Amino acid sequence: MKRIGVLTSGGDAPGMNAAIRAVVRTSLSNDMSVVGFKRGYNGVLMRSLDQIDDYQMMTSRSVSDKIHRGGTFLMTARCLEFVQPEVQEKAVKNLKTLGVEGLICIGGDGTFQGANALNMKGLPTIGIPGTIDNDLDYTDFTIGFDTALNTACESINRIRETSDSHERASMVTVMGRNCGDIALHTALACGAEIVLIPEREWTVEEVADHMKWGVMKGKRSMIMIIAEGAIASLTSDVHKICAEHESLSDIVGTRLDTNQVARIVEVLSGQETRNTVLGYTQRGGSPTASDRVLASRLGARAVDLMRQDKSGVAVGIRKNKLIEVPIDEARGGRKADRELLKLVDVLS
């Protein structure tokens, strides 16, 4: 191949810039040109008034001073209409018009879905896993996960100190809609007493009892880590509980969130409980050294595969060895690590 494209799609993840840098410089060193598409698949559709808003030719200077920066300088967005076959065909036509012979797509499950569709329509693609949730089962780690984990740990260290001072319990909500890896690893790294994830059923009654035992054992504070998607695995009859406690009556009929869960736990346990939602702070910031190295290795490997005319795969890492699997088999499916779950329970 003489010309390839690169894009970042879906949610941003620290380390995406490092991956783009590796793709560009590895390509240039092998006499391949690179087109950088902006705002994910939206840039490939080329609907802006000015082409510079859709794509740009990449040079070595284009990626200078980028490896340590969070986010993605190519910007990212979701393109919901990309599931439509006619939109995919338009994308393939646009890419071929630019002389792009292959496309490297950096992102998560949705990004891989789009990449697989293009590959099926004759445009060679390779996926690089960039998502802080670490929710792609084929690879041990995704770009951005380590940074998000460290960001969460730093925040919880601070929360622990103020919780100790006030002798209260703190619930901390981290990202993880369908995968609890951030919550699980954070809980283990920070010595949290309780971890709640989408993959394991739980009740507010069990959480409250755990807190009571903690107080009886002399704990001044307690840390509970909850993944944002763990509300879906809650099995308690919340309506019944709220109906039995006047102070919780306003919760009935509303969509439950982690702030309300904290209120319910406080009432049932008798222990002052505060919830902190870390939110998008986990996505931002300079990537860790681990994420920079992983992104650089995966970006370079993706280009090497393109040079060998290999496509329709996603690159990843297993036991510190680079791997590639068919991209249609690389989407989602990660299950909670039961060994780590048991360890959190034992060490709490």
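Guide: Contact here means heavy atoms within 4.5 Å. The model is predicted.

Visitor: Which residues does arginine 168 touch, not counting residues up to four places away in sequence?
Guide: Arginine 168 lies in the loop between helix 5 (145–166) and strand 6. Leaving out residues up to four places away in sequence, its contacts are Ser163, Arg220, Ser221, Met222, Gln271, Glu272 and Arg274.

Visitor: Is arginine 168 buried or exposed?
Guide: A residue counts as buried under 20% relative accessible area. Arginine 168 has a relative accessible area of 17%, so it is buried.

Visitor: What is the strand order in the open sheet of 4 strands?
Guide: The pairing in this open sheet is parallel, and the order is 7-8-6-9. Strand 7 (194–196) and strand 9 (273–277) each have a single partner strand, so one side of each has no neighbour in the sheet. From one strand to the next, the twist averages 20°.

Visitor: Which residue is the bridge partner of isoleucine 194 in strand 8?
Guide: Strand 7 and strand 8 (residues 222–227) run parallel and are joined by 3 bridges. For isoleucine 194, the partner in strand 8 is methionine 224.

Visitor: What angle does the direction of helix 9 make with that of strand 9?
Guide: Helix 9 (residues 258–269) packs on the sheet that contains strand 8, touching strand 6 (169–174), strand 8 and strand 9. Its direction and that of strand 9 make an angle of about 165°.

Visitor: How many residues are in the largest nonpolar core?
Guide: In soluble globular proteins, nonpolar side chains tend to be buried together. In this model, the members touching the most other members of the largest core include Val6, Ile20, Val174 and Ile225. Valine 174 has Ile225 among its contacts, along with Ala152 and Leu278. The number of residues in this core is 56.

Visitor: How many residues does the second, separate core have?
Guide: This core includes Tyr41, Tyr55, Val87 and Ala91. Its number of residues is 28.

Visitor: Which strands are the edge strands of the open sheet of 7 strands?
Guide: The order is 3-2-1-4-5-10-11, with mixed pairing. Neighbouring strands are turned by 25° against each other on average, direction ignored. The two that pair on one side only are strand 3 (55–58) and strand 11 (321–326).

Visitor: Which residue in strand 5 is the bridge partner of isoleucine 104?
Guide: Strand 4 (residues 102–107) and strand 5 (residues 125–129) run parallel, with 5 bridges joining them. The partner of isoleucine 104 in strand 5 is isoleucine 126.

Methods. Residues numbered from 1 in each chain as written. Predicted model: local features only at pLDDT ≥ 70, side-chain atom pairs only at ≥ 80, totals over all residues. Heavy atoms only, no water. Pairing = 2+ DSSP bridges. Axes fitted to C-alpha atoms, helices over the stretch in contact; angles between N-to-C directions. Core = buried A, V, L, I, M, F, W, Y, C linked by side-chain atoms within 4.5 Å. Buried < 20%, exposed > 50% of the residue type's maximum accessible area, 1.4 Å probe, protein only.
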